[in-house]
Amino acid sequence: MISSLGRAGSSLALVASLALALGVGCRAGQGGGAGAAGGSVSTGKAGTGGTAAAGTGGSGSGAAENGSAGTSGGAGTNGSAGVSGSAGTSGSAGTTGSAGTIGGAGTTGAGGTTGSAGTIGHAGAGGGSGTAGRGGAGGAGTSGSAGTGGGGAGNPCSARPGLIFCDTFEAATTTTPPSPWTTTGTVTVDSTTPAHSGKKSIHIGDTANDYDTLLILHSASVLPVTAGRFYVRVFMQLHDAMSAGHNTFILSDLFAAQGSGNALRVGEQNQMLMFTLMGDAHGALSNANYYNDGKPGIQFTPGAWTCLEILLDSKTPEIDVWVNTHEVPDLHHTDFPIDNYDNLRFGFEKYAGPAVDIWYDDIAVGTQPIGCD
């Protein structure tokens, strides 16, 4: 629109210049007047966006005499759609040629089509952002909303208060878990099954004859914590529903006396989440009233990622558990003795079977609550 107005203004300026030249020619009386320029040219209606070609003025030369200046002919009548009228005839000084016809105004090009908006992705941890919508020719594109990254999480290992350690396993270059991890049984870095975040997670490939298939974290840079109080956060995905038998998913103990003393085992029994201490000396079901009402407590949905966070405080002492950020009241205890653990094991320690497949991802340790974001 701005370009069309600019061209229209240029055409008016040309007409004004011709008119000024006419006035000057008429006043030249010495030595015979010059022939007057042709009649004024009317511009056609400017088209939108097109370029109007200027009309060409007719030429004519008058004889130089001492007579009076010729009288300008009447202005041409505006033609339709931008065609000027015929130029008026000058006096004896000579007849001007017909005025050129002003070119038709150009037609404005079609407006660009606005590009489609980017696809809206689910909110996630660490995900990649959605692709911005591209504008059509001449149109403004609309930005897409953030896309889903990997399994949909943002960055579960982003910096946060008290964070000591966190691993998404994205840095693994082989199927073997990288340092500081060690393993027992068939434990691999899996990039074929959708991870919780990114593309990689830990696969526990337990079989019918296995006793323990475990991913082990024992590093002086992580544990023990001087204050004796720390949090463990992990995302888990079970292939099958929880078993009625007693089995363990997470063990926390002293590296020098693994599985003994006040070793903590967080696992399953009666198809629900539970834990035991000192073997079976102490224990808690996520529904403490199960043997009265028969209702299972917290159950993990097969094929879905579940966020599990555990507080272990050897000084108070205190054990507390959250599932998907919700505290499990029947697993909160301050009456069981625990140690200042320096060894964490994630996987499957089997007592009653059957064989299972479990995935672990985004494992973190900190001195303050870690959360599931």
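Colleague: What are Phe169 and Trp181, buried or exposed?

Modeller: Phe169 is buried, and Trp181 is buried as well, where buried means under 20% relative accessible area, exposed over 50% and partly exposed in between, with a 1.4 Å probe and protein chains only. This is a predicted model, in which local features need pLDDT of at least 70 and side-chain atom pairs count only at pLDDT 80 or more, while totals for chains, interfaces and linings use all residues. Residues are numbered from 1 along each chain as its sequence is written, and side-chain values use heavy atoms, with hydrogens and water left out.

Colleague: Why is the pair of Phe169 and Trp181 called tilted?

Modeller: Rings of Phe, Tyr and Trp (its six-membered ring) pair if their centres lie within 6.5 Å, and planes under 30 degrees apart count as stacked, over 60 as edge-to-face and the rest as tilted. The centres of Phe169 and Trp181 are 5.7 Å apart and their planes are at 40°, so the pair is tilted. Phe169 lies in the loop between β1 (163–167) and β2 (181–184) and Trp181 in strand β2, so the pair ties together parts 12 residues apart in sequence; strands (E, at least two residues) are DSSP runs, numbered from the N terminus.

Colleague: What makes Phe275 and Phe336 an edge-to-face pair?

Modeller: Their rings are 6.2 Å centre to centre with 80° between the planes, and the pair is edge-to-face. Phe275 sits in strand β9 (residues 272–277) and Phe336 in the loop between β13 (326–327) and β14 (343–350), so that distant parts of the chain, 61 residues apart, are linked. Both residues are buried.

Colleague: Which residues form one aromatic cluster?

Modeller: The cluster is made of Phe165, Phe169, Trp181, Phe346 and Tyr360, and the structure holds nine aromatic pairs. Tyr360 also belongs to the largest nonpolar core, of 47 residues, where Leu308 and Tyr360 touch the most other members; such a core is a set of buried Ala, Val, Leu, Ile, Met, Phe, Trp, Tyr and Cys residues joined through side-chain atoms within 4.5 Å. Strand β6 (residues 229–238) gives the largest share of this core, five residues.

Colleague: How do you know that Asp342 has no salt bridge?

Modeller: A salt bridge is a side-chain nitrogen of Lys or Arg within 4 Å of a carboxyl oxygen of Asp or Glu. For Asp342, which is buried, the nearest side chain of opposite charge is Arg345, at 9.2 Å, and there is no salt bridge. Here Lys and Arg count as positive and Asp and Glu as negative, whereas His and the chain ends are not counted. Leaving aside neighbours within four places in sequence, the contacts of Asp342 (heavy atoms within 4.5 Å) include His218, Pro224 and Asp253.

Colleague: Which peptide bond at Pro224 is called cis, and where does Pro224 lie?

Modeller: The bond from Leu223 to Pro224 is cis, with omega near 5°, and Pro224 is placed in the loop between β5 (212–217) and β6. Another cis bond joins Gly353 and Pro354, with omega about -5°.

Notes. Helices (H or I, at least four residues) and strands (E, at least two) are DSSP runs, numbered from the N terminus.
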